[in-house]
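Biologist: I have a chain open here and want to get my bearings. Can you walk me through it?

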Amino acid sequence: SSSKGSIAPLPSSNSVVSTRRSRPEWRCPAQQLGSEVHIPPQTQDPCLHRDSAVHQKAPGVLTLQHLHHSSWGSTVGFLEPSEKLLKDHSVPLATINSQKLAQITSDLDFKENPTKSDILSVMKNQSAVAKIPNRAGQGGSAGGHRGGPSPVPGSGQQQQWAAGQQQQWAAGVISTSWRSWSHLARLRSALREARRRHLENFCSRAEHLAANWNRIRTSRRTIIHIPSLALCPFVSDANVDVIYICPLALSEELLQYYNKLLGLQAAVRSGNPEDMADLQDRFKILTPEAINSFPEHHMCLATVLKYSPRTLQRLQVLLQGRVAYMVGGVPHLDDLAVADQLQVPLLGSEPAVAQLYSTKSGSKRIFASAGVPTPPGEWDIHSREQVSIWVIPRTPLMRSSSRNNSFIFQILNLQCLAWDLVFSKLLKLLVVLFNLFLQELALVKISQELPGLLAQHVQPVNEKRFPTWEKFLQTFLTQGGVIEAFPSSGSVTNLTVDLLIEPTGELTLLASGEQLHAEGPLRSSGTIIPQRSVDPEVLQALCLKVGEACKSKGVLGYFSVDFVAFTHPQTGEQQVWATDLDLCYSDQLALSQLVVYLTDGNVDCGSSILQAPLGAKESQSQRLQHEGTKPPAPSSPWCAVASSQLRHSSLSGISYNLLLHTCKAHGIGFDLQEKQGTVFVLYEDQKRHSLGMITIGEDLQGVLLTFARNLFIIHQEISAPNMQGETNFKMAIRDIEAILGVTAENKLRLEEEQPWEADALKE
């Protein structure tokens with residue numbers, strides 16, 4: 001920063017790279033985390049086959065790709081020319097040592113193709129490939145024919161001569177192929193160099209962002225926002241301009257809808273719809289032109305933007321002379337590439353760090369480091385044996401064995417009454433050994449029967465993706481995963497808390513909510529804002545521990561933590577477990593900020609209260625009470641029910657404009673004066689199979705009832721009597737009905753224990 005307090009200029013890509021050679025060799029921070037990555041000892045080694053391409057779908061190759069994603073380009077660059085050599089020299093099969101392969105591909109920079117010694121060093125069946133020449137083309141004469149074998153001479157040495165000619169011809173073919181592979185290797189080397197440059201520039205700009213963050217966040221700035229739904233949190237700040245990268249093409253109808261939605265805050269503050277502002281000069285919605293260019297590939301939005309030169313060029317024009325930074329989704333290498341091309345910092349974690357800790361096993365490492373309670377279980381599971389060990393203690397056979405052990409222990413204890421204490425201890429030791437013996441027998445027996453039992457009785461949550469247990473297990477063992485307990489309680493609540501680790505290291509709680517489940521009990525489909533099931537101080541203490549652990553691992557930017565709260569069946573006390581970690585800007589945070597924007601309020605996560613100015617009618621009521629003798633009753637906390645994942649196949653049969661008019665006719669809308677009601681989050685208008693909805697009010701029961709009523713009305717209006725469509729509306733309504741039962745029970749308890757507060761809530 002200059003002496004005048006202005007923001008220091010951001011270093012350009014050229015200036016950053018030019019200093020790299022004068023510094024010691026830079027090391028990626030994620031490389032220091034290698035000790036935390038578990039490599040399963042049971043990994044199946046991949047094979048190279050003579051008659052087919054590299055088996056990249058084989059379990060061994062998939063596991064290798066998952067564990068060594070950062071050097072996978074080098075790995076393929078080694079495997080493919082090696083396989084070509086084996087094929088040309090008629091070696092039918094070669095088995096590769098996975099660990100040696102990972103080591104050599106990380107140590108070598110293949111500007112040339114691998115030598116014979118390189119190939120032999122990773123082969124298990126080295127004798128099969130020992131006769132391969134050291135280099136392609138070696139062993140053949142310089143004047144060998146390239147177009148095929150020469151004419152066969154009429155002599156007694158015909159077979160020997162033909163074999164020699166074939167060898168020379170094959171050497172020529174290999175030499176030609178080798179040049180192609182060398183060109184490919186140079187391309188891969190250039191890609192690795194580009195990625196290293198992007199990473200270095202990312203780190204340099206992150207340092208600049210941290211040094212100037214306190215000024216940047218309070219001054220005029222532009223935010224390039226890639227995650228969906230997240231417009232309002234920044235538009236509400238008058239110093240912020242937003243460039244929103246949209247994953248879908250928006251029609252003029254949708255653009256007009258969002259222009260009105262984002263201009264509501266001025267009308268909310270005054271209660272007059274005519275005061276609606278026009279914020280088109282403060283936010284831009286850009287859709288990359290390559291959004292439909294890769295229909296067969298599942299690419300993140302940053303990758304699509306990377307291959308959209310017109311959109312990137314427009315972004316560069318919009319950013320000229322502005323202080324800007326980028327907020328991405330789940331950190332990806334192409335986020336770094338886009339940020340580098342735009343020469344802006346990225347508020348987020350390094351991709352390797354995010355990938356390590358965004359997995360289920362990675363989140364368990366964070367929670368273990370934080371020392372917060374988690375469900376009993378195990379992580380980094382990659383084998384059937386590990387699955388068996390963790391399922392066995394929950395099976396009826398194991399419980400039966402435990403009862404038998406208890407019976408034996410009681411008999412031995414009766415005999416110990418007349419013996420010396422030493423013999424008593426020996427007998428207890430004998431019981432322990434016998435217990436281990438029975439457990440080993442049970443392990444062997446159940447390991448044999450478990451696959452069949454699980455195939456018959458396990459019910460996948462997502463049957464479309466995993467129709468059978470075997471399909472799920474195959475993916476589970478390839479990627480690795482966790483097995484953990486689920487609370488055996490009748491009252492289980494899932495919560496999500498959103499946090500931000502700022503570039504300066506400051507940790508902030510941004511939002512909290514209780515999950516709604518419209519897709520099954522283990523998948524969040526919506527949220528109740530704010531959460532009220534757990535003591536805010538308890539939840540805040542847990543979040544701060546997790547946040548500090550994340551910060552120590554190099555996590556930066558927005559992230560969310562999932563918890564499960566339940567009543568212990570024996571003690572009757574509430575238990576809270578940390579269950580998941582997502583290192584990205586969540587839909588809940590976007591919806592929560594939209595609620596704050598529409599109510600002109602704020603969320604106090606320390607007390608789990610949504611605070612907002614009073615509506616017109618309530619404000620008038622408060623004034624009348626203040627003029628009389630009766631003291632004003634305390635107003636109830638505001639709340640909202642929101643979902644971004646409401647699906648209904650029949651939505652495609654009605655335009656958004658007609659849908660909004662139909663809802664208005666049924667009284668579904670938002671009251672600007674009272675700051676209550678329902679707002680929709682509309683997505684693309686081509687398929688139109690899903691939408692988002694937010695209902696805001698002062699009473700949780702009333703808000704839940706209104707949300708469920710809205711779903712019922714929309715379902716009735718868009719569905720034909722003989723074709724109800726595929727939807728999650730009904731399951732969402734059932735989940736709300738279950739919550740309403742608990743809410744009514746809590747309200748009755750409140751009336752019994754604190755009648756004054758209950759009367760205030762009624763008023």
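Biologist: Among contacts between residues at least 6 apart in sequence, what share join residues at least 24 apart?
Modeller: That share is 68%. Contact here means heavy atoms within 4.5 Å. Keep in mind that this is a predicted model, where local features need pLDDT of at least 70, side-chain atom pairs count only at pLDDT 80 or more, and totals for chains, interfaces and linings use all residues. Residues are numbered from 1 along each chain as its sequence is written, and side-chain values use heavy atoms, with hydrogens and water left out.

Biologist: How many helices and strands does the chain have?
Modeller: There are 25 helices and 19 strands. Both are DSSP runs numbered from the N terminus: helices are H or I with at least four residues, strands are E with at least two.

Biologist: And what percentage of the residues count as buried?
Modeller: Of 763 residues, 44% are buried. Buried means under 20% relative accessible area, exposed over 50%, and partly exposed in between, using a 1.4 Å probe and protein chains only. The accessible surface is about 39400 Å², and carbon and sulfur atoms account for 53% of that. Those areas come from the Shrake-Rupley method with a 1.4 Å probe; for residues, only the protein chains shown count as cover.

Biologist: Sheets next. What is the strand order in the open sheet of four strands?
Modeller: The order is β5-β4-β3-β6, with parallel pairing. Two strands pair if DSSP finds at least two bridges between them.

Biologist: Which strands stand at the edges there, and why?
Modeller: β5 (283–286) and β6 (324–327) do, because each has a single partner strand, so one side of each lacks a neighbour in the sheet. The twist averages 15° from one strand to the next. Angles run from 0 to 180 degrees between N-to-C directions, and axes are lines fitted to C-alpha atoms, for helices over the stretch in contact.

Biologist: Tell me about β4. How many of its residues are buried?
Modeller: Six of its six, so to speak: β4 is mostly covered. Val 240, Val 242 and Tyr 244 are buried on one side, and Asp 241, Ile 243 and Ile 245 are buried on the other.

Biologist: How many bridges join β4 to β5?
Modeller: Four, with β4 (residues 240–245) and β5 running parallel. Ile 245 has Leu 286 as its bridge partner in β5, and Val 242 stands opposite Phe 283. Five bridges join β3 (residues 221–225) to β4, also running parallel. There, Ile 224 is partnered with Ile 243 of β4.

Biologist: What about the sheet of nine strands: what is its order?
Modeller: The open sheet runs β13-β12-β9-β10-β11-β16-β19-β18-β17, and the pairing is antiparallel. Its edge strands are β13 (574–582) and β17 (670–671), each pairing on one side only. Helix α22 (residues 656–665) packs on this sheet, touching β18 (676–682) and β19 (690–697). The direction of α22 makes about 165° with that of β18.

Biologist: How many bridges join β12 to β13?
Modeller: Eight join β12 (residues 557–567) to β13, and the two run antiparallel. Ser 560 has Asp 582 of β13 as its bridge partner.

Biologist: Where does Glu 684 sit?
Modeller: Glu 684 is in the loop between β18 and β19.

Biologist: Buried or exposed?
Modeller: Glu 684 is buried, because its relative accessible area is 9%. Leaving aside neighbours within four places in sequence, Glu 684 contacts Leu 248, Ala 249, Leu 254, Tyr 656 and His 689.

Biologist: Switching to Ser 358. Where is that?
Modeller: Ser 358 is in the loop between α13 (351–357) and α14 (360–370). At 27% relative accessibility, Ser 358 counts as partly exposed. Not counting residues up to four places away in sequence, Ser 358 touches Leu 581 and Leu 583.

Biologist: Last one: what does UniProt annotate?
Modeller: The unreviewed UniProt entry has "domain: IQCH-like ATP-grasp" over residues 351–387 and 410–605. UniProt positions are given in the numbering used here, feature names are shortened, and annotations may be inferred rather than shown by experiment. Over residues 351–387 the chain is 59% helix and 14% strand.
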